Amino acid sequence: MDARVHTGTGSNADSSIKDLFGQLVDDGRGLVRAEVNLYKQVALYRAGKAKIGIAALVAGGLLAYAGLIAALVGLVMGLADLIGPVLGGLAVLAICGIAAFLLVRFGAAKMAALSGDEDEKRALAAGERVT
């Protein structure tokens, strides 16, 4: 840091102020870089610790999916004795299709909350009018 004392209002004082502002901007940039690096390191540390958990979740999901397929095949085979293999397959397809349709509709309705509910939209509109 420059410890020189300037007297008067000459160009030396102006350049000293300019230097101080330049140093302030550089220090601010350094601080922002340090904060970003800290958050990056924290995120990488947490992701590293979560790798095994993520792998376990994926493996569990795949096993659950395989179990669901096995159950559906067993249901089709059980219905095949009663109503025939084609109708059994179509019946399971229809039941699963209806369930999937209802779940997608429910999920899509819940995802609409990402754009905000009516109270939030009214509050935002009122806030825009006030300012």
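The exercises below work through a predicted model of one chain, each with a stepwise solution.

Local features are taken only at a pLDDT of at least 70 and side-chain atom pairs only at pLDDT 80 or more, while totals for chains, interfaces and linings use all residues. Residues are numbered from 1 along each chain as its sequence is written, and side-chain values use heavy atoms, with hydrogens and water left out.

**Exercise 1. Determine which elements make up the chain, and where confidence is lowest and highest.**

Step 1. The chain holds three helices and zero strands, where helices (H or I, at least four residues) and strands (E, at least two) are DSSP runs numbered from the N terminus. Read from the N terminus, the order is α-α-α.

Step 2. The average pLDDT, the predictor's confidence in each residue from 0 to 100, is 85 for the chain, and 87% of the residues score at least 70.

Step 3. Confidence is lowest in helix H3 (residues 118-130), with a mean of 74, and highest in helix H2 (residues 85-111), with 92. Where pLDDT is low, the predicted coordinates should not be read in detail.

**Exercise 2. Find the salt bridges of the structure and locate the partners of each.**

Step 1. With a salt bridge taken as a side-chain nitrogen of Lys or Arg within 4 Å of a carboxyl oxygen of Asp or Glu, a search of the whole structure gives two.

Step 2. One of them joins arginine 29 to aspartate 26, whose closest N and O atoms are 3.6 Å apart; both residues lie in helix H1 (residues 11-83), three residues apart, or about one turn of the helix.

Step 3. Arginine 29 is partly exposed at a relative accessible area of 49%, and aspartate 26 is partly exposed at 45%, given that buried means under 20%, exposed over 50%, and partly exposed in between (1.4 Å probe, protein chains only).

Step 4. Aspartate 119 pairs with arginine 122, the closest N and O atoms being 2.3 Å apart; these two residues are separated by about one helical turn because they stand three residues apart in helix H3.

**Exercise 3. Describe how much of the chain is buried, and state the accessible surface of the chain.**

Step 1. Of the 131 residues in the chain, 5% are buried.

Step 2. The accessible surface, from the Shrake-Rupley method with a 1.4 Å probe, comes to about 11,200 Å² for the chain, and 70% of this belongs to carbon and sulfur atoms.
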